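Try each task yourself before you read the solution.

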Amino acid sequence: MPRTGRSALLAAALVTAVAAGPLAAPAFAAASEPARTSTAPATAGPDTEALAAAVAGLPDHDATAALLRVGGDGTWRGTAGVRDVRTGAPALENARFRAGSVTKVVTASIVLQLAAEGRIDLDGTVQRYLPGLLTEDFAPVTVRQLLNYTSGLRPGASLGDTVEEGYPHRFETLTPRQVVADAVAQGPAYAPGTRQTYGNIHYTVLGMLIEKVTGDSYAHQAELRIFRPLGMRHSSFPAGADPRIHGPHNRGYDWIDGKLVDVTDWNMSDRFAAGDLISTTADLERLLVGVFRGRVVPEPELKEMFTLPDVPGARYGAGLERFEVNGKVIWGKTGSRPGYATVIAATPDLSRTLVYSVNSTNAKGDGLAVAQRFAFPAFNR
């Protein structure tokens, strides 16, 4: 069957699912072949066969599109799936997408730049830089403790902890200050510096700190300090409460109450400096390489990104997470927003790099499954 015919049949099946309920597995059998390129030698580099298998057959029940970029000792590029399940148009290689918590790498980089400039002391406290934000119930919380998730702050207000809960509220606005006020009202979870608890709240406060210290908006500081110097021309933050992804993009979907629902348009203002970034795989590759090569944050501040705090079970430095995959030490960051799952990761010497955006239909629910399918093959050899 011609490719256009296969795409049309698949799109029709997916549209039925959007309207009527759960999609039967056989409906995905005729997915079109992904576009991919490789320069990896046969005995080194990423496992290209596994990568090709990961994107083959898209869209399927778990993902509607995938964009992968593997670099280092051999490159591999893969684009598969559809841009829009209603039309069956092929996925765009240069698509913009919600990068979720990969935003934290940008935020950490700005804070560490300000530290290198002497405008922020990493051992300085939130109480010093943002007086009145925390109540007297809180012991001094340092900037470093925010960066490495050991601040003791509890999660703040949310419009829904799951996609199902948040979907009816997707066009409502919850400001960063409201999020933090709710967290503060709950009191501290533990003494600062004694435990590591990953969460958006630490980086929401860091975004407020950046704005206070610079007298500028967080988004503009990201543009001046990160995007322009690295040539990240297609990266941005939504203006205000704008729920749209501007520019070319692949639609995002999630299973809600047994139906495949378009979740692309969503006001993410409450995620702010913790998860509001819109980018492309090419731009995130520039960010990844720039950070690891010291082009973004100078030494000695750069070491903060690769240093785990001395607390039990620590996995996170400043903005980056330490992984071990197939015996390799990897540093990177995951991100997820409804309809979009993102990863940036690399070996410390950049001998292997990975950036992907997957239009996962359960992006907020099963990140490990997405990583096992799309990320692990990049580090198999």
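**Salt bridges across the chain**

With a relative accessibility of 15%, arginine 225 counts as buried (buried is under 20% relative accessible area, exposed over 50%, partly exposed in between; 1.4 Å probe, protein chains only). Before going on: this is a predicted model, where local features need pLDDT of at least 70, side-chain atom pairs count only at pLDDT 80 or more, and totals for chains, interfaces and linings use all residues. Residues are numbered from 1 along each chain as its sequence is written, and side-chain values use heavy atoms, with hydrogens and water left out.

**Exercise 1.** Find the salt-bridge partner of arginine 225.

*Solution.* Start with the cut-off: a salt bridge puts a side-chain nitrogen of Lys or Arg within 4 Å of a carboxyl oxygen of Asp or Glu. Arginine 225 pairs with glutamate 117, and their closest N and O atoms are 2.8 Å apart.

**Exercise 2.** Work out which residue bridges to arginine 373.

*Solution.* Arginine 373 meets aspartate 60 (3.0 Å, N to O).

**Exercise 3.** Describe how β8 and β9 pair.

*Solution.* First the terms: strands are DSSP runs (E, at least two residues), numbered from the N terminus, and two of them pair if DSSP finds at least two bridges between them. β8 (residues 321-325) runs antiparallel to β9 over five bridges. Within this pairing, glutamate 324 sits opposite valine 329 of β9.

Notes:
Helices (H or I, at least four residues) and strands (E, at least two) are DSSP runs, numbered from the N terminus.
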